Amino acid sequence: MNQQKQKRSRGLIFTEQGLQKLQSTISSRESQGQLRKKHTYEELSEITGLAYNTVFKVLKRKKGVDKRTLVQFFMAFDLELTGNDYTLLDSPSKHSNKCTIKWINWDDTIDVSNFYGRTTELATLKKWLVEDRCRLITIYGMGGIGKTTLSVSLVEQIKNRFEYVLFISLKKPPLLEKVLTDITQFLSDKQMSETKLSNGIKGSFSELFNYLRSHRCLIVLDEVETVMQAGVCSGYYQEKYKNYSQLIRYMGEVSHQSCFLLITRELPKEAAILAGENMPIRLMKLNGLQPLEGQKILREKNLLGTVSEQNALIESSSANPLALKAIAQIIRTTYKGNIREFLQQDKFLCDQSKKIVVQHHTRLSLQEKEVYKQLAISPEPISLLQLQKRLSIRLSTQITILESLIKRSLVIEKEGLFICEPLLNKYFKNEILQ
Ligand SMILES: Nc1ncnc2c1ncn2[C@@H]1O[C@H](COP(=O)(O)OP(=O)(O)OP(=O)(O)O)[C@@H](O)[C@H]1O
Ligand SMILES: [Mg+2]
């Protein structure tokens, strides 16, 4: 026990927050002329009284040190070390072969063998999880864009950094109480049973956070949008799922060493409010594939077409892999694999794409539909003022609606101009306006 304690205390590193705190104090000393702009590790070693190698270790965060060293480093800059400034270094060897994985209501046969690209997204997510030790990460994006596949692929690559990985699909959303029971039973290595929560929801939260503090766990919640309300602006929960909001907020606010990965079409408002570049809560909007990766999907079906025809097809499908796969299949069977012939049939949209679009569209409020329609019929991206001229909605309401449409992954904002996702735009023009 003592030995384990000693071992643990030598494996500490600064968290992202701790390092930021230190760096901003160092920068202010530089600007006050108390420290040279391009100071060396030797100088830091002199200031802190720590060996050169120790300074290097502390700042690189690849190897752990003991708590006394971190305190000494902070004290040299008149800083006080708090619990959020340091964490245990999570070495892969520590947990390798030890990770326990469980899938709840999830299709655990998701095939990631023909998975293209997403290298930047995977590198960012790995950094957020492993180096920055984020507590809450939300990946959001339109249906079929590849959120679930990306998260499965991510977990494949980093699972040995965690003791427990739990995938929970909310496709048929259970009440929060059931989810909390599932998680705590899994983390306490108990068999699944009908055990009721003894101390109500408060008790289960505190039990859950005890586990999340003492173990490094990754909990993936997929299809989070199912607990949200349709027909009103995005980010609100259905009455019976209201307390999911509390779970998300606690995951971000309470200190622990685990991570919740939320996968959703619609960005929950707690995640949006708490997130920040220097916070352990981050957001990733997942966009379409890069053209080269989209071309690989088309190549799987042996389609005929020039690169620019392929790219036109990819762009009009928002580079959405699910839509692309479905369209490629139709081009192959109905158009003898000829992309140009398909593109000439501008009105055509396959059933799979329609399904995605309809699922998104039916969730909009009446005002959102109104704003969306204006964006869809505009041949060019439009500004707030242009939009206001066409609608009889107050500017502040209009801004709220646009924000909501962005959080639903339906509208893209670029330099003050707004456009619809091309895939949805096509449907809107062809179906709704007729
Ligand atoms: N990077 C990729 N390369 C190749 N195919 C991909 C890629 N990402 C996703 N796909 C394929 O696209 C389809 C949709 O992916 P996925 O189910 O992950 O989307 P999603 O964003 O989770 O959608 P939903 O919101 O409906 O849950 C799947 O068939 C998947 O195999
Ligand atoms: Mg999914």
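In this predicted model, the largest nonpolar core comprises 47 residues, of which L218, V371 and L375 touch the most other members; such a core is a set of buried Ala, Val, Leu, Ile, Met, Phe, Trp, Tyr and Cys residues joined through side-chain atoms within 4.5 Å, buried meaning under 20% relative accessible area with a 1.4 Å probe and protein chains only. The greatest contribution to this core, 5 residues, is made by α8, helices being DSSP runs (H or I) of at least four residues, numbered from the N terminus. Domain 2 (95-285) and domain 4 (357-432) each supply at least three residues to the core, with bounds taken from an automatic or database domain assignment.

Around ligand 1 there are 17 residues, among which Y116, K147, T148, T149 and R265 come nearest, a residue being near when one of its heavy atoms lies within 4 Å. Polar contacts (pairs of N or O atoms within 3.5 Å) include one of 2.8 Å between a backbone N or O atom of G144 and a ligand 1 oxygen, and one of 2.7 Å between a polar side-chain atom of K147 and an oxygen atom of ligand 1. Taken alone, ligand 1 exposes 630 Å², and the protein buries 84% of that, as computed by the Shrake-Rupley method with a 1.4 Å probe. Two or more residues of the shell come from each of α8 (147-158) and α15 (321-334). Because domain 2 (95-285) and domain 3 (291-348) both give residues to this shell, ligand 1 lies between them.

Residues are numbered from 1 along each chain as its sequence is written, and chains are lettered from A and ligands numbered from 1 in the order in which they are written. Local features need pLDDT of at least 70 and side-chain atom pairs count only at pLDDT 80 or more, whereas totals for chains, interfaces and linings use all residues, and side-chain values use heavy atoms, with hydrogens and water left out.

Notes: Polar contact = N/O pair within 3.5 Å; in protein donor to acceptor, adjacent residues only side chain to side chain. Buried < 20%, exposed > 50% of the residue type's maximum accessible area, 1.4 Å probe, protein only.
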